[in-house]
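These are my notebook entries on a structure that was new to me. I record what I looked up, topic by topic.

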Amino acid sequence: MKIELAKETKKGLKLGINIPGFLAAILGSISMFFPWWHFGIEIANNGPSEIYPYLILGAASNMVGYKRSPTMMILTILIIICILFILISSLIKSKVTIGLMAGSGVLILLACWRFYERMKSVSEGYNMPVQGLGTADYGGLAIYVVHNWFQPGIYLAGAAAILAIISAIFYSKIWIGRK
């Protein structure tokens, strides 16, 4: 009876923790609460705008005509699912979870790149820099001084993605728990 129970336990889930993977999930979660891009323009005393992966707060929403786009929602859902996969993968050891962790890290990096490309295309549409001080041409109707920069959110998400990929590569060496 004891031998059968021991065999069944060995066949079960391999629970433990991959600390860098767990930290990646935490960093990814925190990144969602910080803005990803700052769009500094003064329109009607509204102040600067902060762009999150899921929302545009401030005057920029008036310029682009929306506060949330379908692409923003898709990327946000993708990032949240990837963060959950990284969290699960950091607590359960298997070949599938190692792949999930690496794949999630790659997808978060792709989401960061897509966010950057979107901000770049919006910036080009108004002839303004994506990062730094410059002017924005609002369709020839007005020219505004702008100051744009990337915020901590995108850097935290990128760091989480890279940490998840590294954690997946060295998974067996950094795993703490049942082997």
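How many helices and strands does the chain have? I found seven helices and eight strands, taken as DSSP runs numbered from the N terminus, with H or I over at least four residues for helices and E over at least two for strands.

**Basis of the entries**

I note that this is a predicted model, in which local features need pLDDT of at least 70 and side-chain atom pairs count only at pLDDT 80 or more, while totals for chains, interfaces and linings use all residues. Residues are numbered from 1 along each chain as its sequence is written, and side-chain values use heavy atoms, with hydrogens and water left out.

**Entry 1: the chain as a whole**

I looked up burial and surface. Of the 179 residues in the chain, 39% are buried; buried means under 20% relative accessible area, exposed over 50%, and partly exposed in between, with a 1.4 Å probe and protein chains only. The chain exposes about 9900 Å², and carbon and sulfur atoms supply 71% of that area. Accessible areas come from the Shrake-Rupley method with a 1.4 Å probe, and for residues only the protein chains shown count as cover. I then turned to contacts, meaning heavy atoms within 4.5 Å. Among those between residues at least 6 apart in sequence, 59% join residues at least 24 apart.

**Entry 2: the five-stranded sheet**

In what order do the five strands of the open sheet stand? I read E4-E3-E2-E7-E6, with antiparallel pairing; two strands pair if DSSP finds at least two bridges between them. Strand E4 (56-57) and strand E6 (132-137) are the edge strands, each pairing on one side only. E2 is joined to strand E3 (residues 49-51) by three bridges, and Trp 37 has Ile 51 in E3 as its bridge partner. E6 and E7 pair over six antiparallel bridges, where Leu 133 is partnered by His 147 in E7. Five residues lie between the strands of this hairpin, and Gly 139 takes a positive phi near 65° there.

**Entry 3: the three-stranded sheet**

I found a further open sheet of three strands, E5-E1-E8, also with antiparallel pairing. Strand E5 (92-93) and strand E8 (175-177) each have a single partner strand, so one side of each is left without a neighbour in the sheet. Three bridges join strand E1 (residues 14-18) to E8, and Gly 16 stands opposite Gly 177 in E8.

**Entry 4: the nonpolar core**

Which residues have the most contacts inside the largest nonpolar core? They are Trp 36, Trp 37, Phe 39, Ile 108 and Phe 115, in a core of 36 residues. Such a core is a set of buried Ala, Val, Leu, Ile, Met, Phe, Trp, Tyr and Cys residues joined through side-chain atoms within 4.5 Å. H2, strand E2 (37-40), helix H4 (70-91), helix H5 (95-125), strand E7 (143-150) and helix H6 (152-169) each supply at least two of its residues. H5 gives the largest share, seven residues.

I listed the contacts of Ile 108 beyond four places in sequence: Cys 82, Ile 83, Ile 86, Ala 157 and Ala 161. Leu 109, in helix H5, is partly exposed because its relative accessible area is 33%. With neighbours within four places set aside, Leu 109 is in contact with Gly 158, Ala 161, Ile 162 and Ile 165. The C-alpha atoms of Leu 109 and Ala 161 are 5.8 Å apart, although the two residues are 52 residues apart in sequence.

**Entry 5: a loop residue**

Is Gln 151 buried or exposed? Gln 151 counts as buried because its relative accessibility is 13%. Gln 151 lies in the loop between E7 and H6 and touches Pro 35, Trp 36, Trp 37, His 38 and Glu 50, residues up to four places away in sequence not being counted.

Lys 173 is in helix H7 (residues 171-174) and counts as exposed because its relative accessibility is 70%.
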